Amino acid sequence: MSKPLNIGMIGYGFMGRAHSNAYRKVNNFFDLAYHPVLKAVCARDEAKAREFAQRWGYESVETDWRKIVERKDIDAVDICVPNNLHKEISIACARAGKMVLCEKPLSMDTAEGEEMCAAVEQAGVPNMVWYNYRRVPAVTMARKLIEEGRLGRIFHYRAQFLQDWTISTDLPQGGTALWRLDAAAAGSGVTGDLLAHCIDTALWLNGSIDNVTAMTETFIKERKHNLTGKVEKVGIDDACAFLARFQNGSLAIFESTRYARGHKALYTFEINGEKASIRWDLHDLHRLEYFDHRDESKLRAWRSIHVTDHGGEHPYMDKWWVPGLQIGYEHSFVHQVADFLDALAKGVPAEPTFRSALETQKVCDAVLKSAASGQWVSVR
Ligand code: SOE
């Protein structure tokens, strides 16, 4: 019999749905010592919170997040609200002895992130940040191939995250669904929202980054603000590109924008090693492209591995359908919950912890600092 883990969810947007779906599905597919119980969802708008609770099966509703933190019947709090609220809620949860699962990015900046790490570590509460792309089976497999030494010495890391949803000058900033355009709520634009994903994956696959040089641009300088009703200066970066040097000596180039007409969520990375290369594309997320120079020369080519096989060789896939049948975006969240519950049972940290996610925050801060100064900036 698995033990209940009572969840309090704060926020009910896109990520509230992705995480709720994961909590509901996880025990249908994974054998775990715990099962999530959807105790309460919290949102300021009670009617909307009730509608969400009914749709996803939450037992109750709160309209003040502090109530979730105070409730004795909640073990773990899931924070799915804009970035400017992550710190206050996480620290309150830690002080109340609650486990914390926080949506990415960890915080508005490194200084806030440090406080959050101190709070969860002092309280000794399990904590994790939702960098879900690590749990796409093809991405997890990329890590296995690198760990096995198949690529040899790494020379290059290349990542992009391209979108096109903010090109219209009429799009307002601020408020529900549009807080990602408001610097006061988001902290930054594509750097904290999209490059944070690329950086988290890169640090996980290729180790630490030493220094960076970056450029950012805000193409639309003013937008109406939904909360004030006034036209206000836009404070976020619409696009950001940076060069980086990894501690292992490899060179990297990262690019992200919300102005790449035609691209909705094109997250890609490519890694070139001495012996082999790999590349991955979110739009084809169940495939891992692999080139191995050690192959017989007449057969040497990029192969496209359909990461759907069983037998433990293709990560997570033995938990799903039969070999050859693929899974999608939402499953990365199911895997992250499964790993969290498994780690909880074993009494070990679930990655990325707040402390690991702080490394991504440090790189984001260095990138923004470099873009402002025009200088190379050290991450340390
Ligand atoms: C932005 O459009 C966004 O939803 C990010 O906030 C998510 O983290 C990313 O996974 C997809 O794009």
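**Core, domains and ligand shell**

Five residues, Ile-10, Val-41, Val-100, Leu-195 and Val-367, touch the most other members of the largest nonpolar core, which has 105 residues. A nonpolar core here is a set of buried Ala, Val, Leu, Ile, Met, Phe, Trp, Tyr and Cys residues joined through C-beta atoms within 7 Å. Buried means that 20 or more other C-beta atoms lie within 10 Å of a residue's own, against 12 or fewer for exposed and in between for partly exposed, with C-beta atoms placed from the backbone. Helix H8 (residues 190–206) gives this core its largest share, ten residues. Both domain 1 (3–131) and domain 2 (133–350 + 358–378) put in at least three residues each. Apart from this core lies another, of six residues, including Leu-181, Ala-183, Ala-185 and Ala-186.

The model is a predicted one: local features need pLDDT of at least 70 and side-chain atom pairs count only at pLDDT 80 or more, while totals for chains, interfaces and linings use all residues. Residues are numbered from 1 along each chain as its sequence is written.

Back to Leu-195: setting aside neighbours within four places in sequence, Leu-195 is in contact (C-beta atoms, placed from the backbone, within 7 Å) with Phe-161, Val-190, Cys-240, Phe-254, Ser-256, Cys-364 and Val-367.

The domain bounds come from an automatic or database domain assignment. The centres of domain 1 and domain 2, taken over C-alpha atoms, are 23 Å apart. Their contact takes 33 residues from domain 1 and 32 residues from domain 2. On the domain 1 side, helix H1 (14–29), strand S2 (34–42), helix H5 (110–123) and strand S6 (127–130) give two or more residues each, and H1 has the largest share with eight residues. Helices (H or I, at least four residues) and strands (E, at least two) are DSSP runs, numbered from the N terminus. By class, this side has 21 nonpolar, eight polar and four charged residues; Ala, Val, Leu, Ile, Met, Phe, Trp, Tyr, Cys and Pro count as nonpolar, Asp, Glu, Lys and Arg as charged, and the others, Gly among them, as polar.

As for the ligand, Phe-14, Gln-163, Asp-193, His-197 and Ala-265 surround it (C-beta atom, placed from the backbone, within 6 Å). That shell splits into two nonpolar, two polar and one charged residues.

Strands S14 (residues 276–281) and S15 (residues 287–292) run antiparallel, joined by four bridges; pairing takes at least two bridges found by DSSP. The two form a hairpin with five residues between them. Tyr-290 in S15 stands opposite Ile-278 and also opposite Arg-303 in S16.

Technical notes: Two residues are in contact if their C-beta atoms, placed from the backbone, lie within 7 Å.
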